[in-house]
Amino acid sequence: MTAPAAMIEVTYRDAMREAIRDALRRDKNVFLMGEDVGRYGGCYAVSKGLLAEFGPERIRDTPLSESGFTGAGIGAAMAGMRPIVELMTVNFSLLALDQILNTAATVRHMSGNQFGVPLVIRMATGAGRQLAAQHSHSLEGWYAHIPGIKVLAPATVEDARGMLWTAVQDPDPVLIFENVMLYNMTGKLAADAGAVGIDKAAVRRTGRDISLITYGGSLWKALEAAAALAAEDIEAEVIDLRSLRPIDDATIMTSVKKTRRAVIVDEGWRSGSLSAEICTRIIEQAFWELDAPIGRVCSEEVPIPYPRHLEIAAIPQVPKIVAAAKIALGRA
Amino acid sequence: MTAVTDKPRLSRAHALDLLKQMIRIRRFEDKCAELYTQEKIRGFLHLYDGEEAVAVGVIPVLEQRDRVVATYREHGHALVRGVPMTAALAEMYGKQEGCSRGRGGSMHLFDRATNFYGGNAIVGGGLPLAIGLALADHMRGDDIVTACFFGEGAVAEGEFHESLNLAALWGLPVLFVCENNLYAMGTALVLSESETDIQRKAACYRIASEAVDGMDVVAIEAAARHAVRAVRESGKPYFLECRTYRLRAHSMFDAQLYRDKAEVEAWRHKEPIVRFKGWLEASHMIHPDDLARIEAEIDAEIAEAVTFAESGTWEPVEQLARFTYADSAA
């Protein structure tokens with residue numbers, strides 16, 4: 001029997017960087033391309049040091065041409081490369097939305113399976129750094145609307161380290177959303193940690209009384225809320241979706257059928273959101289198992305504001321999650 | 001015809017082949033228009049009438065290993081590239097024997113066997129794709145040219161400028177072929193561009209360029225030979241503007257309110273098939289028998305394509321979601 005690998009303390013950023021480094025080492029067709037990924041080291045310092053190790057062909061700085069270089073990633077993928085495109089933030093990704101939706105997501109179906117797009121697109125998402133209304137939104141739910149692509153939201157250092165290689169190997173486009181508040185987060189990671197599956201949600205805390213369903217940066221708020229609820233003898237189960245498209249219905253329904261109550265926590269806006277989709281799926285698949293209306297904690301329906309107190313008020317926070325859980329439990 | 005430095009070998013056989021390819025596209029599309037009125041073909045149908053010399057002049061100059069990215073007006077490009085007429089027409093019928101299994105229709109002809117990357121119905125959307133194809137070849141050191149066709153309407157798109165910049169900045173083997181037919185749907189070039197000399201835009205990105213009479217198949221072929229050789233030898237992009245004209249409506253829904261009939265008539269006298277045929281006759285390179293034989297061969301091919309498309313089958317509805325992802329194969 002081999003001894004379990006030593007656990008090391010790493011940041012989410014380091015885990016993501018190691019994942020990129022690993023992919024570059026394992027497959028010569030992999031390359032990273034995006035604004036400031038090379039000499040600058042990445043807007044969020046994820047790719048720092050990779051230029052020196054892999055050179056400017058494979059750590060490719062691009063002009064500010066989101067549509068151009070995202071489309072270039074699509075074309076390179078269609079020609080057999082395995083590009084990783086970094087789009088800095090989700091707000092900037094809108095400049096590449098034409099290529100993502102009209103080309104990457106459509107080509108396999110529209111060409112009758114002659115061409116596929118094995119492309120990974122990474123980008124930062126979420127609020128919390130006082131970056132105001134053009135750098136702070138959570139639009140991953142929009143992308144989860146699109147058939148033909150997969151959408152991932154790694155929330156743990158293990159997923160930051162492990163999802164990328166699985167995504168790189170996927171024959172279809174995979175979008176990875178990295179919440180900006182997670183980059184500095186540290187966690188324990190096995191020294192030999194590697195690829196992880198991307199098709200299942202994870203139960204991050206087990207509980208009998210209510211299911212808190214969330215993903216990305218909100219996972220840690222949900223876990224904190226669960227700890228607060230435990231002090232009041234409420235045992236919350238916390239589900240980390242991990243994949244926003246496809247959604248792992250089975251894990252959600254198994255949990256909800258056990259707890260009979262659910263609150264969805266989503267940093268996207270409420271109207272027409274991913275939280276609305278999850279809510280609907282629960283109603284479609286587990287309506288008769290429910291003991292209370294489903295609750296939602298989402299971002300307020302405003303552009304994310306700059307001042308700290310307003311930004312905090314605009315996005316899901318622990319007290320709101322606790323309050324929503326108590327309402328669902330009739331203990332408000 | 002134009003005096004050329006990169007003179008193609010205009011043997012009689014080659015000349016007749018150029019003529020045949022142009023007539024083949026024209027007659028095929030005449031049949032498509034007829035089938036459209038019979039509602040055999042639906043959706044949008046954009047005809048290449050008047051512009052045939054561009055595809056016929058450029059595409060045969062490419063090697064089999066090279067890549068082609070086209071627009072939604074791509075029937076001609078697909079045929080010249082070698083997509084079988086049967087599969088192209090079946091695609092327009094929406095039959096699963098079509099070159100894209102019927103999923104794409106007229107605007108989305110794809111063919112892996114001939115490195116034909118579609119049929120793109122987002123104006124300008126094919127340019128970044130071409131950059132990526134060429135980037136892959138550049139990174140692997142493969143001797144492959146990507147030919148990217150687009151209309152002058154695409155020049156107003158940001159993706160055009162982003163793509164030219166990337167191609168020049170990174171030194172990518174892309175042949176940009178602008179099919180300037182003077183109208184972006186119904187908007188005249190003078191109403192959409194401050195600089196209407198399109199090829200000059202390439203100079204801003206330090207890309208070598210040339211404008212050529214897009215109604216002169218021999219001139220286009222000569223320019224394409226020079227351009228493709230330049231791209232292959234340098235690994236760098238080249239920009240070819242073909243000045244042409246669309247003789248028919250933009251699509252089958254277009255009443256053509258935006259241009260005078262007299263203007264269309266004037267261009268009709270310059271159209272590439274009549275012009276090249278006239279030149280071949282004057283040069284005694286073609287006999288009346290040749291034309292009759294060419295037309296008979298083409299008509300037989302079209303008849304076969306119609307039979308093929310008619311007898312094609314509909315994809316079972318149960319397979320609707322198939323190939324949304326690689327693993328969603330039914």
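Okay, one definition before anything else: two strands pair if DSSP finds at least two bridges between them. Keep that in mind for the sheet I want to start with. And a reminder that this is a predicted model, so everything I say is about the prediction.

So, the sheet. It's in chain A, it's open, and it has five strands in the order β9-β11-β10-β13-β14, with mixed pairing. Who sits at the edges? That would be β9, residues 202-205, and β14, residues 295-299, both of chain A, and each of them pairs on one side only. Going from one strand to the next, the twist averages 25 degrees.

Let me zoom in on one pairing there. Strand β10 of chain A, residues 210-214, and strand β13 of chain A, residues 262-269, run parallel and are joined by three bridges.

Now step back to the whole of chain A. The chain is divided into domain 1, 9-190, and domain 2, 202-328. Taken over C-alpha atoms, the centres of domain 1 and domain 2 of chain A are separated by 26 Å. How many residues does each one put into the contact? Domain 1 of chain A gives 23, and domain 2 of chain A gives 24.

Looking at the domain 1 side of that contact, the elements of chain A giving two or more residues are α7 (140-143), β6 (150-152) and β7 (174-179). The largest share comes from β6(A), with three residues. By residue type, this side of domain 1 of chain A divides into 12 nonpolar, eight polar and three charged.

On to the contact between the chains. Chain B brings 32 residues and chain A brings 33. On the chain B side, the elements that give two or more residues are β2 (116-120), α5 (126-140) and α6 (158-170) of chain B. Which of them gives the largest share? It's α5(B), with 10 residues. The residues on this side of chain B come out as 16 nonpolar, 10 polar and six charged.

One residue to look at here is B:Ala326. You'll find B:Ala326 in the segment after α12 (288-310) of chain B. Leaving out residues up to four places away in sequence, B:Ala326 touches A:Arg108, A:Gly116, A:Pro171 and A:Asp172. Buried, exposed or partly exposed? B:Ala326 counts as partly exposed, because it has 14 C-beta neighbours inside 10 Å. From B:Ala326 to B:Leu164 you go 162 residues in sequence and 32 Å in space, C-alpha to C-alpha.

Next, the nonpolar core. The largest one has 202 residues, and those touching the most other members are A:Leu212, A:Val263, A:Ala325, B:Cys148, B:Leu175, B:Val177 and B:Leu240. Helix α9 of chain B, residues 217-234, gives the most to this core, with 10 residues. The core also draws at least three residues from each of domain 1 and domain 2 of chain A.

Take B:Leu175 from that list. Again leaving out residues up to four places away in sequence, B:Leu175 touches B:Val145, B:Ala147, B:Cys148, B:Ala227, B:Val228, B:Val231, B:Tyr238 and B:Leu240.

Most residues other than glycine have a negative phi, and most peptide bonds are trans. With that in mind, where is the cis peptide bond? It runs from A:Arg245 to A:Pro246, with omega near 0 degrees. A:Pro246 itself is in the loop between β12 (243-245) and α10 (249-259) of chain A.

A:Met88 has a phi near 60 degrees, and A:Met88 is in strand β4 of chain A, residues 82-89. A:Met88 counts as buried, because it has 20 C-beta neighbours inside 10 Å and the cut-off for buried is 20 or more. B:Leu182 has a phi of about 75 degrees, and B:Leu182 lies in the loop between β4 (174-180) and β5 (183-184) of chain B. With 19 other C-beta atoms within 10 Å, B:Leu182 is partly exposed.

That's what I had, thanks.

How values were computed: Residues numbered from 1 in each chain as written. Chains lettered and ligands numbered in written order. Predicted model: local features only at pLDDT ≥ 70, side-chain atom pairs only at ≥ 80, totals over all residues. Helix = DSSP H or I, 4+ residues; strand = E, 2+ residues; numbered from the N terminus. Axes fitted to C-alpha atoms, helices over the stretch in contact; angles between N-to-C directions. Buried ≥ 20, exposed ≤ 12 C-beta atoms within 10 Å, placed from the backbone. Contact = placed C-beta atoms within 7 Å. Nonpolar A, V, L, I, M, F, W, Y, C, P; charged D, E, K, R; others polar. Domains from an automatic or database assignment. Core = buried A, V, L, I, M, F, W, Y, C linked by C-beta atoms within 7 Å.
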